[in-house]
Amino acid sequence: QVQLVESGGRLVQAGGSLRLTCATSGTVYGNYVWGWFRQAPGQEREFLAAIDWRGTTTDYGDSVRGRFTISKDNWKTMIFLQMNNLKPEDTAAYYCAVNSGFSQKPEYIYWGQGTQVTVSS
């Protein structure tokens, strides 16, 4: 079992930055991949970014590539999502997830409860 807890979401003005954190606990295997997704009301869950357990391979969704950066600490317990130049359309609940491989589909094995990001214009 893997437990994920997201934090860092808050109200921010357009053009601002936020860093989200995902704290991981439980049994983590070497082939695991961490991902960030978001979901706005009435919309499907959207892939944002993913990183492998070594922190050397990443993948990004087209809507955030160049603005968002995923990273992790050396102990594989904390995953970060640095979000720059935020826009009102980035407003959503943001979720951390763990999977056994890279995927942009919201079919990850473990999920956190989410943290709300609201971007005001």
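Okay, ground rules before the tour. It's a predicted model, so keep in mind that local features need pLDDT of at least 70 and side-chain atom pairs count only at pLDDT 80 or more, while totals for chains, interfaces and linings use all residues. Residues are numbered from 1 along each chain as its sequence is written, and side-chain values use heavy atoms, with hydrogens and water left out.

Let's start with the open sheet. Four strands, ordered β1-β3-β8-β7, with antiparallel pairing. When I say strand, I mean a DSSP E run of at least two residues, numbered from the N terminus, and two strands pair if DSSP finds at least two bridges between them. At the edges sit β1 (2–7) and β7 (68–72), each pairing on one side only. On average, neighbouring strands here are turned by 15° against each other, direction ignored; for that, axes are lines fitted to C-alpha atoms, and angles run from 0 to 180 degrees between N-to-C directions. Have a look at β7 and β8: five bridges, antiparallel, with Ile-70 opposite Leu-81 in β8.

Now, the disulfide, and there's one in the structure. The cut-off is a pair of cysteine sulfur atoms within 2.5 Å. Cys-22 and Cys-96 have their sulfurs 2.1 Å apart. What does this pair tie together? Cys-22 is in strand β3 (residues 18–26) and Cys-96 in strand β9, so the link joins parts 74 residues apart in sequence. The torsion about the S-S bond is about -75°, so we call this disulfide left-handed. Both cysteines are buried, and buried means under 20% relative accessible area, exposed is over 50%, partly exposed is in between (1.4 Å probe, protein chains only).

Next up, β5, residues 46–52. Six of its seven residues are buried, so the rest of the structure largely encloses this strand. With β6 (residues 58–60), β5 pairs antiparallel over three bridges, and Ile-51 stands opposite Thr-58.

Last stop: Asn-85. It isn't a glycine, yet its phi is positive, about 50°. You'll find Asn-85 in the loop between β8 (78–83) and β9 (92–99), partly exposed at a relative accessible area of 44%.
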